[in-house]
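Here are a few notes to go with the structure, written for reading alongside it.

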Amino acid sequence: MPRIGKQTWEFPSRPVLLSAGSIVGPKEGEGPLGQDFDAVEEDMYFGQDSWEKAERRFFEQACEIALKKVGLSGEEVNVLYGGDLLNQIISANFAARTLAIPFVGLFGACSTSMEGLALAALTVDAGYADYALAATSSHHATAERQFRYPTEYGGQKPPSSQCTVTGSGAALVAKTGSGPRITHATIGKVVDLGITSPFEMGPAMAPAAVDTILRHFEDTGRTPEEYDLIVTGDLASIGHKIAVEMLEDQGYYLGDRFKDCGILIYDPDQEEVFAGGSGCACCATVTYGHLLKRMLRGELDRILVCATGALLSPLSNQQGESIPCVAHAVVIERGEES
Amino acid sequence: MATMVKQGVKAKAEFKKMARRHVPKRPVAANVIKAFLVGGAICLFGQFLNQIFITYFGFTQKSAGNPTVAVLIFLATLLTGLGVYDRLGQWAGAGSAVPVTGFANAMAAAAIEHRSEGFVLGVGGQMFKVAGPVIVYGTVAAFVVALISQLLKLL
Amino acid sequence: MTYVWAFIVGGGICVIGQLLLDLTKLTPAHVMTLLVCSGAVLDGLGLYEPLIQFAGAGATVPITSFGNALVHGAMAEAQTNGIIGIITGIFEVTSAGVSAAIVFSFFAAMMFRAKG
């Protein structure tokens, strides 16, 4: 049966992650992983006249890069699973208009990358698509504008804040071909342990990440040692420490094999990164840029990528609600040449 | 089915306590010192402006406040437009937010940011997005205080 | 000497703001609102004008002076025109601050682009 345990999907045909595209903004380009991204765009406006139009361009570019690498056109892709942080996911909507690929819009906040990848793998495995694209984007200015304050506002952010990654990551999944394989996906449940401050997203999301990771081990019967790397999307330094403690309380000591994309993407010395990166593009660009390259170099054989999302809106926050979060995990393995 | 992570009332309380331990304490002492220095400096500069308006432009002690505030607001708006005020704000905290320059920054930042939605609905409609509460509550508080004070006089 | 007090009192009011920001869950908007209301209340109690005499710009530059000015305008009108003066007088005195902010912000939006 393709579903194992309570929340995990197994993909018997082991769909191929045929190609991926990652494009980031200047801050990420200057970070420790700068060399691993396919493209760095120095202009945060991407030559457009609004931040939102810029984010769309990032989204489109990531998809185009992924397609170009294997010489495919948008015409040949059967479905695009895409989403972003903005109201009505306009970045994904408008990029889908440009790309002209059958479109399923998603909202998983910062968990969208793995939510999309899981669905793309599911669709290909079940035979409903030969090629499926999963993409997501985020932009520092559009997130600031929507969730917090105008970008030139002189408010003081506390050290627990995170810095939204500007960029986009896209992955093309296919039935056959050479490349890493997607073997499993664990779909997370919404978890809310009562954190209310939007400046403490990492702590808010940690329980959801832990819940999905524990469920993954429970469903698959695997142990952490069977993975070379288990990485969360954007818990950043504070949320990650909390996740480590929560996992230890359950008897899981992951040690060095447990990392976080929000911590990897920036150098702590970079200006205003605070606790680390966040945003849909954080997990997407680090996974599709950096981690896949490590896998190609033979450094990683099997990884579990657990993207984490905070499902709040500015309105829910103003109405006094806490922050419900979700995390989705996907297993990517180094492929045998086929 | 239940989640692997407990979400009951007790679990939430314990989690909050545990999270508290990991969230870094704000550097209150450093922030207070920076706020004091920057806030004081802005007010000192305001005092200089006051003197200039009194000495060279014939304003009185009472009326010099108006042009002083206008000049400070102009400068704050300029610094906001140049992209400098937000950096000052991150460093100085309340030191740049509490003086009237902070009010100007809030208005200017919102106006500049929302230009992409057009001048009427964007700039016009969103200008008071951040600074609105100050105007509303200042007015309401003034109304209540003045009313109470007048009523007390009548008694 | 007023210069020294301008620095100290102005800095002091900012310190109160910073403590509220760092030690409570209040947002900057909440803190500014609190300060402006305090200015209004202090003027109602007759305490803000002496502070201005003493500290000059240290009391007129922080946002608290908005509250003070609004109450002043209201009370001055009420003296001459009775209770209805409370409403007509409120904005008499603060027009410099609010209008300057509106006008300059508008021009700033015409001239500058948000830099992110």
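What share of the contacts in chain C between residues at least 6 apart in sequence join residues at least 24 apart? Please keep in mind throughout that this is a predicted model.

1. Contacts within chain C. The answer to the opening question is 58%: that share of the contacts in chain C between residues at least 6 apart in sequence joins residues at least 24 apart. Of the 116 residues in chain C, 59% are buried.

2. Make-up of chain C. You will find seven helices and zero strands in this chain, so to speak of its order is simple by definition of the elements: from the N terminus on, chain C runs α-α-α-α-α-α-α. Along the principal axes, the C-alpha atoms of chain C fill a box of roughly 50 × 35 × 35 Å.

3. Where chain B meets chain C. This contact takes 61 residues from chain B and 58 residues from chain C. On the chain B side, the elements that give two or more residues are α2 (28–57), α3 (65–81), α5 (94–97), α6 (100–113) and α8 (132–154) of chain B. Of these, α8(B) gives the most, with 15 residues. Sorted by class, the side of chain B that touches chain C has 38 nonpolar, 20 polar and three charged residues.

4. The two domains of chain A. The domain assignment gives domain 1 (13–174) and domain 2 (181–333) of chain A. Their C-alpha centres lie 18 Å apart, and 52 residues of domain 1 of chain A are in contact with 55 residues of domain 2 of chain A.

5. The domain 1 side of that contact. Helices and strands both take part here: β3 (16–24), α1 (26–29), α4 (112–125), β7 (131–138), α5 (140–147), β8 (163–164) and β9 (167–174) of chain A each give two or more residues to the side of domain 1 that touches domain 2. The largest share, seven residues, comes from α4(A). By class, this side of domain 1 of chain A has 23 nonpolar, 20 polar and nine charged residues.

6. A helix pair in chain A. Helix α6 (residues 201–220) and helix α7 (residues 236–249) of chain A pack at an angle of about 35 degrees, and their axes are 8 Å apart. The crossing of α6(A) and α7(A) is right-handed. From α6(A), the residues that meet α7(A) include Gly202(A), Pro203(A), Met205(A) and Ala206(A); among their partners in α7(A) are Ala236(A), Ile238(A), Gly239(A) and Ile242(A). By class, the contact of α6(A) with α7(A) has twelve nonpolar, two polar and no charged residues.

7. Two backbone angles to look at. Most residues other than glycine have a negative phi. Arg14(A), in the loop between β2 (8–10) and β3 of chain A, has a positive phi, near 45 degrees. Gln88(A), in the loop between β5 (79–83) and α3 (90–99) of chain A, also has a positive phi, near 60 degrees.

8. Surroundings of those two residues. Is each of them buried, partly exposed or exposed? Gln88(A) is exposed, because 10 other C-beta atoms lie within 10 Å and the cut-off for exposed is 12 or fewer.

Conventions:
Residues are numbered from 1 along each chain as its sequence is written. Chains are lettered from A and ligands numbered from 1 in the order in which they are written. This is a predicted model: local features need pLDDT of at least 70, side-chain atom pairs count only at pLDDT 80 or more; totals for chains, interfaces and linings use all residues. Helices (H or I, at least four residues) and strands (E, at least two) are DSSP runs, numbered from the N terminus. A residue is buried if 20 or more other C-beta atoms lie within 10 Å of its own, exposed if 12 or fewer, and partly exposed in between; C-beta atoms are placed from the backbone. Two residues are in contact if their C-beta atoms, placed from the backbone, lie within 7 Å. Ala, Val, Leu, Ile, Met, Phe, Trp, Tyr, Cys and Pro count as nonpolar, Asp, Glu, Lys and Arg as charged, and the others, Gly among them, as polar. Axes are lines fitted to C-alpha atoms, for helices over the stretch in contact, and angles run from 0 to 180 degrees between N-to-C directions. A crossing is left-handed if the near helix is turned anticlockwise from the far one by less than a right angle, and right-handed if clockwise. Domain bounds come from an automatic or database domain assignment.
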